[in-house]
Amino acid sequence: MSEATAPSLFDLGAETIAGAPALLLPALGLAAAGMALVGLPLLAIEAIRLRRRGELTRRRLAGMATSAFCALPASLVQALFGGALMAVFLAASTLAPWSIPTGWATALLCLVAVDFFYYWEHRLGHRVNALWSLYHSVHHSADHFDQTIGLRISFVDFFFAPLIYLPLVIVGFHPLLVFACFGVVLAWQQWIHTELVGKLPLLDPWLNTPANHRVHHGRNDIYLDRNYGGVLILWDRLFGTYAPESEAVDYGLVEQLKSRNPLAVHFAGFGKLFAALGRARSASDALKAAFGPPEAQPGEAAKPAE
């Protein structure tokens, strides 16, 4: 295809969802990209601040490098299997009894719905031992908090977490709109992995802000199982999982992972899960080991530091 006939980003938005405003998908994509890119200047400022304080140690740099490395296999898996995931969502959309028209108002509705589903997907990732051990504990395994933590994700996440959002296409939202809104929800969470921004009194009660997300990454007793929201913190307030930042945050897992080796970061939870399954003496024990909360496992499978 020649440059003259290649569709632009804005043309693509009009072509991919019939009847949708031409600028809708590109606007969502640009919003997500803009929020994600905010992390770059924040990371630079964080590095300068750490260096001036004498805290940019070899250990801290190793931890930051580990976080960045974690994004590589996750990105590779997404590139290899992203098309298959979209095919699953497109197939699921054929089950919808009706089609919700794609417009600005329904896009906002979809964004709120995706954020609601994100709350429950995130909460499951902490409270179901198999999900915590196989992928989400990776994100919480650092004992520090900066922009690189947004990159510390497991490639296994790709094979489980997106499936939570299938009901949204089954009720009639277009799969591409669901994916675009999901991208916005994830992108919002990049910039909030920082200690540069203090409390924001006007926003903290409503949105997932840096202060609220610091709480989520704390291993302090008062911060465990708190602040699961993606963009809106209202879900936590509604379902009783909200906690404000009220004391200094001690980051990481309850049972800290001391290794900075990316393989150890990715697979430490696997060993804990398989050990818990190995200790099972009955089918009910095995089910508890897989689907019960992490702290209920024999020997504890790294209680979520939320």
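In this predicted model, seven helices each supply at least two residues to the lining of the largest pocket: H2 (24–37), H3 (39–52), H4 (58–93), H5 (104–127), H6 (129–139), H7 (157–160) and H9 (175–191). Among these contributors, H4 provides the largest share, with nine residues of the lining. The largest pocket holds about 1,300 Å³ of space, and 40 residues line it. Those that lie nearest its centre are Gln78, Ile153, Asp157, Phe182 and Leu186. Sorted by class, the lining of this pocket comprises 23 nonpolar, 15 polar and two charged residues.

Rolling a probe the size of a water molecule over the atoms shows where empty space is left. Across the whole structure, the search finds one cavity of 30 Å³ or more. About 30 Å³ of space lies within the largest cavity. Its lining is formed by His139, His140, Ala142, His144, Phe145, Ile149, His217 and Gly252. By class, three of these lining residues are nonpolar and five are polar, while no charged residue takes part.

Two of the helices that line the pocket, H5 and H6, also pack against each other. Two packed helices are described by the angle between their axes and the distance between the axes. For H5 and H6, the angle is about 95° and the axes lie 5 Å apart. An angle of 65 to 115 degrees counts as roughly perpendicular, and H5 is therefore roughly perpendicular to H6. On the H5 side, the contact involves Glu121, His122, Leu124, Gly125, His126 and Arg127; on the H6 side, these residues meet Asn129, Leu131, Trp132, Tyr135 and His136. The residues of this contact divide into four nonpolar, five polar and two charged.

H6 also packs against helix H12 (residues 262–278), here at an angle of about 165° with the axes 7 Å apart. Because angles over 145 degrees count as roughly antiparallel, H6 and H12 are described as roughly antiparallel to each other. The crossing of H6 past H12 is right-handed. From H6, the contact draws on Asn129, Ala130, Ser133, Leu134 and Val138, and from H12 on Val265, His266, Gly269, Phe270 and Leu273. By class, this contact has six nonpolar and four polar residues, with no charged residue.

How values were computed:
Residues are numbered from 1 along each chain as its sequence is written. This is a predicted model: local features need pLDDT of at least 70, side-chain atom pairs count only at pLDDT 80 or more; totals for chains, interfaces and linings use all residues. Side-chain values use heavy atoms; hydrogens and water are left out. On a 1 Å grid over the protein atoms alone, a cavity is a set of points where a 1.4 Å probe fits but cannot get out, and a pocket is an open set with protein on both sides within 12 Å along at least five of seven lines; lining residues have an atom within 4 Å of a point. Grid points are joined across faces, edges and corners, and a volume is the space filled by probe spheres set on the points. Ala, Val, Leu, Ile, Met, Phe, Trp, Tyr, Cys and Pro count as nonpolar, Asp, Glu, Lys and Arg as charged, and the others, Gly among them, as polar. Helices (H or I, at least four residues) and strands (E, at least two) are DSSP runs, numbered from the N terminus. Axes are lines fitted to C-alpha atoms, for helices over the stretch in contact, and angles run from 0 to 180 degrees between N-to-C directions. Angles under 35 degrees count as roughly parallel, over 145 as roughly antiparallel, 65 to 115 as roughly perpendicular and the rest as oblique. Contact means heavy atoms within 4.5 Å. A crossing is left-handed if the near helix is turned anticlockwise from the far one by less than a right angle, and right-handed if clockwise.
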